[in-house]
Amino acid sequence: MEKEKIIIKYFLGNIFEAKSHYTGWKMIHHARSIGVVSKEMAERYAEIQKQYGSFFTLAERAYLVSFIILVCHIFDKRSDSMSLEKVDKKIYLNFYNENKNIVIQLKKARDKIFAHRNIQTNPKDIVIPSVDDLDKFFLNLENLYNTLSSKITNSSALFDNVENVKREIELLYMNLERGEMMRRKEIDIEWIWRKDSNKISDK
């Protein structure tokens with residue numbers, strides 16, 4: 001039972017972190033997706049991301065790699081690795097079978113291009129599950145964790161940390177747009193107004 005308690009404690013942090021990184025990726029990658037957000041907002045987010053292209057490209061990639069590698073810890077088969085299967089195999093297998101397609105896609109991405117680079121794999125052939133499927137997967141994963149945690153430690157967790165992640169990234173977008181508007185206004189005043197030789201003060 002002590003081993004199971006250690007595993008449960010580890011995966012509390014693991015799932016919090018994986019879901020946070022997934023949310024960060026979603027807030028960047030899908031901000032440009034018409035259908036996930038409105039056309040007007042998609043264009044607005046895309047323009048901000050374009051202005052700070054290096055940052056958003058790196059952040060999006062880092063979030064994607066991190067969440068996939070972290071969440072795949074749950075499915076590790078090595079004898080010396082932590083996995084939720086080692087807590088209760090029957091409960092774990094029920095979850096695995098219900099989410100098998102998503103798990104296979106995530107593990108393929110990890111095994112072929114992120115944790116290792118398979119020489120025969122074209123990264124373009126790797127399919128990341130849809131945001132709807134991933135949202136449902138994480139909800140199912142939280143339910144699995146809480147079922148196991150209730151059994152082993154008589155406790156459960158609310159994985160609501162992502163609300164702060166979403167709020168802060170949304171504020172980042174807003175503040176970047178505010179700053180860009182101010183920068184353009186400063187350029188307008190400095191170069192179009194102040195240096196104009198036809199100002200009233202020049203007469």
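This is a predicted model: local features need pLDDT of at least 70, side-chain atom pairs count only at pLDDT 80 or more; totals for chains, interfaces and linings use all residues.
Close-up 1. The side chain of Glu85 meets that of Lys77 in a salt bridge, with an N to O distance of 2.9 Å. Lys77, by contrast, is exposed, at 57% relative accessible area. Glu85 also forms a salt bridge with Lys89, and here the closest N and O atoms are 3.9 Å apart. Salt bridges that share partners also join Asp76, Arg110 and Asp111 into one network. Side chains of opposite charge can pair when their charged atoms come close.

Close-up 2. Ser81 lies in the loop between H3 and helix H4, the latter formed by residues 89-98. With a relative accessibility of 15%, Ser81 counts as buried. Neighbours within four places in sequence being left aside, Ser81 is in contact with Asp76 and Lys86. Arg78 is found in the loop between H3 and H4 as well. Arg78 is exposed, its relative accessible area being 56%. Between the C-alpha atoms of Arg78 and Glu47 there is a separation of 45 Å, and the two residues are 31 residues apart along the chain.

**Close-up 3. The salt bridge between Glu142 and Lys19.** A count of salt bridges in the model comes to 13. One of them is formed by the side chains of Glu142 and Lys19, at 2.5 Å from N to O. This pair links distant parts of the chain, with Glu142 in helix H6 and Lys19 in helix H1, 123 residues apart. Glu142 counts as buried, at 11% relative accessibility. Lys19 is buried too, with a relative accessible area of 14%.

**Close-up 4. The packing of H1 against H7.** The axes of H1 and H7 are 9 Å apart, and the two helices pack at an angle of about 30 degrees. H1 is therefore roughly parallel to H7, since angles under 35 degrees count as such. The crossing of the two helices, H1 and H7, is right-handed. From H1, the residues Lys19, Ser20, Thr23, Gly24, Met27 and Ile28 take part in the meeting of the two helices. Their counterparts in H7 are Val162, Val165, Lys166, Ile169, Glu170 and Tyr173. Lys19, which is listed here on the H1 side, is also the residue whose side chain forms a salt bridge with Glu142.

**Close-up 5. Helix H7 and its buried residues.** H7 has 33 residues, which should span 48 Å at 1.5 Å a residue. Its end C-alpha atoms are 46 Å apart, in agreement with that expectation. The buried residues of H7 are Val162, Val165, Ile169, Tyr173, Leu176, Glu177 and Glu180. These buried residues pack against H1, H2 and H3. An α-helix has 3.6 residues a turn, so residues three or four places apart point the same way.

**Close-up 6. Helix H3 and what covers it.** H3 comprises residues 53-71, 19 residues in total. From the first C-alpha of H3 to its last, the helix reaches 27 Å, close to the 27 Å expected at 1.5 Å a residue. Its buried residues are Phe56, Ala59, Glu60, Leu64, Val65, Phe67, Ile68, Leu70 and Val71. Helices that cover these buried residues include H1 (2-29), H2 (39-51) and H5 (100-114). H6 (131-153) and H7 (162-194) are also among the elements that cover them.

Close-up 7. Ser149 lies in helix H6. At 2% relative accessibility, Ser149 counts as buried. Apart from neighbours within four places in sequence, Ser149 is in contact with Ile8, Asn154, Ser155 and Ser156. Asn154, one of these contacts, lies in the loop between H6 and H7. Asn154 counts as exposed, with a relative accessibility of 71%. Although Asn154 is not a glycine, its phi is positive, at about 55 degrees.

Conventions: Residues are numbered from 1 along each chain as its sequence is written. Side-chain values use heavy atoms; hydrogens and water are left out. Helices (H or I, at least four residues) and strands (E, at least two) are DSSP runs, numbered from the N terminus. The expected span of a helix is 1.5 Å times one less than its number of residues. Buried means under 20% relative accessible area, exposed over 50%, partly exposed in between (1.4 Å probe, protein chains only). Contact means heavy atoms within 4.5 Å. A salt bridge is a side-chain nitrogen of Lys or Arg within 4 Å of a carboxyl oxygen of Asp or Glu. Axes are lines fitted to C-alpha atoms, for helices over the stretch in contact, and angles run from 0 to 180 degrees between N-to-C directions. Angles under 35 degrees count as roughly parallel, over 145 as roughly antiparallel, 65 to 115 as roughly perpendicular and the rest as oblique. A crossing is left-handed if the near helix is turned anticlockwise from the far one by less than a right angle, and right-handed if clockwise.
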